[in-house]
Amino acid sequence: MQALCSDCTLQVPRFSIKATTPNFASYLSTLRPSNAGTRLSFSFGCGIYKPHRMSRCDGFGVLCAASNEENDDGFYMRRCVELARKAVGYTSPNPLVGCVIVKDGIVVGEGFHPKAGQPHAEVFALRDAGDLAHSATAYVSLEPCNHFGRTPPCTEALIKAKVSKVVVGMVDPNPIVAFKGVERLRDAGIEVVVGVEEELCKSLNEPYIHRMLTGKPFLPLRYSLSVNGNFLDLLGNGATDCGGYYSRLLQEYDAVVISSSFFTEKLKVPASQEPGANQPIRIVIHKDPSSLNQIPPGMNDFTGKMIIFTDNKAETAPEVAQQGIETVALDHINLDVILDYCNSQGLCSVLLDIRGSFGEFEELVKEGIKKNYINKFITEILPVWNRRSEPDPLQTLKSLEQGVKLLNLKSKASEQSVVIEGYFKCE
């Protein structure tokens, strides 16, 4: 999405959750909509915008001309989303949030939530705006909080700054927040509009929303195929480089589930190459019937946080414990236990990456599909023609009943490969 001037480029996030399960629109209908008085606006029109030099906001404000109020709201909300995405990979378990303060058609303050435990987007934007926030309009991609946590309520900061209006992208699904921030602002005499660019704001935080509604981390499935539809234990050229789709995935997700064969086969352990990226926790599935003392020595050379789930009851090898690698021994490895454990650690998103020994993933994939834990897939199609392996690792997916529909399919190029994203929706 792009405004009609060279200085106003807005990037729409890559992921969309218009039709993911669970349905967030249904969730909103349970939260006293009559009291909230929401107004929904999904306009993507930008109007005509002219750069206007100011002393704030990196030397430029944004002056809006020849556009109506609803289009202005959509434009500024998309800017909130663009700001929020600057913190991808740093805010979990908090959501990504951006805020823009506008007065007389000019942006006077901007901010985003940079990291869990630090001030929220509204605080940074109000600091940027200073006294100009008085009688201004605040745009924020997620409902301002109205409770004391690690930071004070953002509603009070907006009230203290004496803004005249607040435009909210979406209501916070966190029951501690939901509509309480909206009601507090309205009680203080501030005009509040809710639901502007709601789908875009939802797509920004699909892992956060999913965890709030289900109590489990968001769990997409990633795998590679040849052009003729057979499973590949490969990633395409450039996928793991800085800017590559796989490198960016690892930046976005809190954890990635991998096979223990990464270490026996000397495969490269997944790591994001994005500048300053927080590396995901590596969750290793280890089903070797031998003892933990025989876990592949390659693990000892790995740096970063790692959790090993094993169905072996043997005691943890001393060298593994000394490395700070956490081991969880189970009678039977299953997704329920893995996801519940990740949720207890505050993880919002876990990428199930099918590479290495597929035998360690087969039962997990079956369980994930059957219980609707896996509702998103990311498939890379490489420019390779190969014979099908026996047994077929993808038989679980290929044998899905016709009741499973695919929604919101999107494709993008990744050098010579094509990456397809979509969602499962079971009838």
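This is a predicted model: local features need pLDDT of at least 70, side-chain atom pairs count only at pLDDT 80 or more; totals for chains, interfaces and linings use all residues.
Local features need pLDDT of at least 70 and side-chain atom pairs count only at pLDDT 80 or more, while totals for chains, interfaces and linings use all residues. Residues are numbered from 1 along each chain as its sequence is written, and side-chain values use heavy atoms, without hydrogens and water.

Student: Which residue caps the N-terminal end of H12?

Tutor: The buried residues of helix H12 (residues 335–344) are Leu335, Asp336, Ile338, Leu339, Tyr341 and Cys342. Through contacts (heavy atoms within 4.5 Å), they pack against strands E11, E12, E13 and E14 and helix H13. Just after H12, Gly346 takes a positive phi of about 80°. At the N-terminal end, a side-chain oxygen lies 3.1 Å from the backbone nitrogen of Asp336, and the capping residue is Asn334.

Student: Is Cys242 buried, partly exposed or exposed?

Tutor: Cys242 sits in the loop between strand E9 (231–232) and helix H9 (245–252). Leaving out residues up to four places away in sequence, Cys242 touches Ser247, Gln273, Glu274 and Pro275. Partly exposed lies between the buried limit of 20% and the exposed limit of 50%. Because its relative accessibility is 49%, Cys242 counts as partly exposed.

Student: Which helix gives the most to the lining of the largest cavity?

Tutor: A cavity is a set of points on a 1 Å grid over the protein atoms alone where a 1.4 Å probe fits but cannot get out, and lining residues have an atom within 4 Å of a point. The largest cavity has a volume of about 310 Å³, a volume being the space filled by probe spheres set on points joined across faces, edges and corners. Among the 22 residues that line it, Leu96, Leu204, Asn205, Pro207 and Glu252 are the closest to its centre. The elements that give two or more residues to this lining are H7 (198–204) and H8 (206–214), and the most, three residues, comes from H8.

Definitions and conventions:
On a 1 Å grid over the protein atoms alone, a cavity is a set of points where a 1.4 Å probe fits but cannot get out, and a pocket is an open set with protein on both sides within 12 Å along at least five of seven lines; lining residues have an atom within 4 Å of a point. Helices (H or I, at least four residues) and strands (E, at least two) are DSSP runs, numbered from the N terminus. Buried means under 20% relative accessible area, exposed over 50%, partly exposed in between (1.4 Å probe, protein chains only). A polar contact is a pair of N or O atoms within 3.5 Å; within protein, one must be able to donate a hydrogen and the other to accept it, and residues adjacent in sequence count only if both atoms are side-chain atoms.
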